[in-house]
Amino acid sequence: METRDGHRSGGPRWRGKSKDATVREASASEERIAQGGEIGLGRTAEHPSPSDVSCGLRKAQSQRARTGTQTGEELKDPGSRSATPSPMAGAIAGAVAATLLLLLLALASAGAAAAEGRRLHTLFSVECGDYFDWQAVGLLHSLRKAGQPGGVTRLLSCAADQLSSYRGLRIGHTLQVPSYSRHPRTGDWYPAINKPAGVVHWLEHSPEADNVDWVVILDADQIVRGPIIPWELGAEKGKPVAAYYGYLKGCDNILAQLHTAHPEFCDKVGGILVMHIDDLRALAPLWLSKTEEVRQDKSHWSTNITGDIYGMGWISEMYGYSFGAAEVGLRHKINDDIMIYPGYTPRIGIEPLILHYGLPFKVGNWSFSKLEHHEDGIVYDCNRLFPPPPFPREVEAMEPDQNVKRGLYLSIECMNTLNEGLLLHHTSVGCPKPQWSKYLSFLKSKRFSELTKPKYWSSPKVENKVTVQHVASPKSRHPKIHTLFSTECSSYFDWQTVGLMHSFRLSGQPGNITRLLSCTDEEVKNYKGHDLAPTHYVPSMNRNPLTGDWYPAINKPAAVLHWINHVQTDAEFIVILDADMIMRGPITPWEYGAKRGHPVSTPYEYLIGCDNILAKIHTRNPSACDKVGGVIIMHIDDLRRFAMLWLHKSEEVRADKEHYATNITGDVYASGWISEMYGYSFAAAELNLRHIIKSDILIYPGYVPLPGAKYKVFHYGLRFGVGDWSFDKADWRNTDMVNKCWAKFPEPPDPSSITKDDKNARERDLLSIECGRALNKALYLHHKRRNCPRLSTTTGNISKKIEEVSTTNKLERVTQRSSTTTIGRNSETMDVTAQQAVERATDTGSRAHRSRRLARSSKMWIIAIWAISVLVFLLVISMFFSDCRRSVSRSRASRSQKAHI
């Protein structure tokens, strides 16, 4: 006997159900397909890809149509299809077969990857909260879209009391790790430490870590544009790949010296980390412990030490990574192109693989900052997206520069990919279909799909380097050059820096320039001149840490050595100058014949110690001692061998007080002040570096020039003058010429006033005037860049400021009789200038007062006209409504009369 459900007859189990019930089952099936994609595709349930969703919907609709047709046919003839397998059963069988096939292929692929040592896994760290949930949705979606191989694990740091109310446990493949936001031992609140703590937990407790060869570690606030393949990026065992974080200047100062035994290995890296699993196992515990160590070192949290703009130790985890890597000897291959912050412009020809939206960015009038969405539950609000950025065609019209335009495209790509991820997530959790909009249509368009298709890394080979310094010079047959000069944290060196930097920009010198700034930690805290030049910070050696000797000149070799050990440049030749110089033209190795083993320098004939007992005591090769200094052009390979010896020989000569005498050293003060110069010459002799000595590179202002010489450098280390005017840098040792608006040195005479018949004397004076005017021009442009108020608007203080500068100079130069007349005349000139400024300001003030009266009068007229217009408008409206009421009254009266009639 056949029952209603058809079990005994083996027929399909549609009996006993209405057509509506069957359709409801098909709808449920459609929903399941929409949520999970096709069976066996390997997608997570929460995050189907766009193609999975559309394909699933099409199959569900097709299935619904078939179900409806079958139901109608079978109701007509219940037994006619009992022996035929249902289409649903066929679909399930096909899906199972496809799944098995894909599984076999995956196993084969995994086996091949294991055999080659190329099993890859990606990690990122988050906390329990809406803020990290929408970032995780965006990152996971971008990883799938980019085709990132291997597994992805979200390391979820949650306290026990957070888990009960947390809504995002199903976002991606997740490993719950203990929360370190509140440190279990110190009680310190520092959520960033969850990143190394989570990695340590994963290594110790996840089976995944035992089946992986390479690990990629990302941040949650990133969008990935293409697969991140370690071996394609050049990663090797012992040499991870990472992005460049140049602001981690603690690698160059006392912070690294305190927290790692190998500060010379400290790399300024972060953002993306790609390394071998063995390296990660060695590094991770130290990453965590060094983070704790730096976090507790509150005495070194200041911005000038860490680079942290908040000065609150927030980037301790980044330093924990760099110091931990230095401890285990990992030397990074630093890639400055793989990652970019939206809002920045990429280098020409570079397609970055990662968009890191850690900073606010904007395109036109649209902007986005992740911090504005800290409590945003957008992941759980169906079909709500972030405000859409401009469309590509709008960006096309915004910017004519093609490379800047590329940067804008990257910004909108970041936000569009994030919104696409949110849209698909909402679909996956059963949100209703969103209403059509132009923006949604764009996200589903072929145009957007083309714009965001995976990018593949094709950059030139990444080199193993500590700091990348890009020399922006065109390709040529000449070697690359980098220029260095040494200074200290003081106003005295600041105005010299302003002068040298101004002349460097005008000279046409190839390559970049770096100021080596030697400062104590206390000096750096109060220093105001950080932006005067590209700067490499070095520990101060003014007071020798071993001997206690006060000798600031030793900072020069110490700073060069520090730079050599911490910065690797692609420059082949290094030009070393002093701060008290003005450049007049380029100083190049090819012009003067510098080569490996043969540096170029200028003659310092007073270094008589090269010819006497001093050289015999301090070098084994006194015959190779060259009397040189001032300007040095040296091959980078020679400098690497030479720098340490330069420092040691300077210390050695400085300690030899028995031979300070002028007749031995040539030092007029007989105080050992030129020990650093002898340290240079003796170290070069030790290495048998034979100098090419050129007399036409440098001149001291006040000296008679050689006939026909085209000097490239003024060295104003000595007093010089023209007539009654003179200049000595020592007179301005304690005067702040850089931070006082419009401060300048006394103007030298006008060149047209030089009428001497002696040609040599005339040339000498013209060069002296040129040097003095160059310094004042540099100061003027510096004050202008600082947006100092115009002189005519500062008359209330200008006389006082000029008087202060003048008085300071008088006090400093009171013992110099030859300068008394100059000071008096200069003061008179300044007083006249101040009086003229006061008169201009008074006149300007009167004109401004009249202008304000006129403006006030105009405003009163505008208000009066506006008020009259409003009154007239109200009057017209009132008359209109009055006429309407009278018309209504008349019509009523007329109707009443008609009714009576």
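How many of the eight residues of strand β13 (residues 481-488) are buried?

## Strand β13

Eight of the eight are buried, so β13 is largely enclosed by the rest of the structure. Buried here means under 20% relative accessible area, with a 1.4 Å probe and protein chains only. Strands (E, at least two residues) and helices (H or I, at least four) are DSSP runs, numbered from the N terminus. Cover lies on both faces of β13: one side holds the buried residues Ile481, Thr483, Phe485 and Thr487, and the other holds His482, Leu484, Ser486 and Glu488, also buried.

## Model and conventions

This is a predicted model, in which local features need pLDDT of at least 70 and side-chain atom pairs count only at pLDDT 80 or more, while totals for chains, interfaces and linings use all residues. Residues are numbered from 1 along each chain as its sequence is written, and side-chain values use heavy atoms, with hydrogens and water left out.

## Strand pairing and crossover

Two strands pair if DSSP finds at least two bridges between them. β13 pairs in the parallel sense with β16 (residues 573-578) over six bridges, where Leu484 stands opposite Ile576. With β14 (residues 512-519), β13 also pairs in the parallel sense, over seven bridges; Phe485 has Arg515 of β14 as its bridge partner. From β13 the chain crosses to β14 through helix α16 (residues 491-507), a right-handed β-α-β crossover. Right-handed means that, with the strands pointing away from the viewer, the path from the first strand over the helix to the second runs clockwise.

## Helix α18

Eleven of the twelve residues of α18 (residues 555-566) are buried, so this helix is largely enclosed by the rest of the structure. Among them are Pro557, Val560, Leu561, Trp563 and Ile564. The cover of these buried residues includes β13, β14, β15 (535-539), β16, α21 (636-655) and α23 (675-686).

The expected span of a helix is 1.5 Å times one less than its number of residues. For α18 this gives 16 Å, which agrees with the 16 Å between its end C-alpha atoms.

## Whole chain and confidence

The chain has 26 helices and 24 strands, and buried residues make up 48% of its 901 residues. Of the contacts (heavy atoms within 4.5 Å) with a separation of 6 or more, 74% join residues 24 or more positions apart.

Mean pLDDT, the predictor's confidence in each residue from 0 to 100, is 81 for the chain, and 75% of residues reach 70 or more. Over residues 1-85 the pLDDT is below 50, and over residues 793-856 it stays under 50. Where pLDDT is low, the predicted coordinates should not be read in detail.

Definitions and conventions. Buried means under 20% relative accessible area, exposed over 50%, partly exposed in between (1.4 Å probe, protein chains only).
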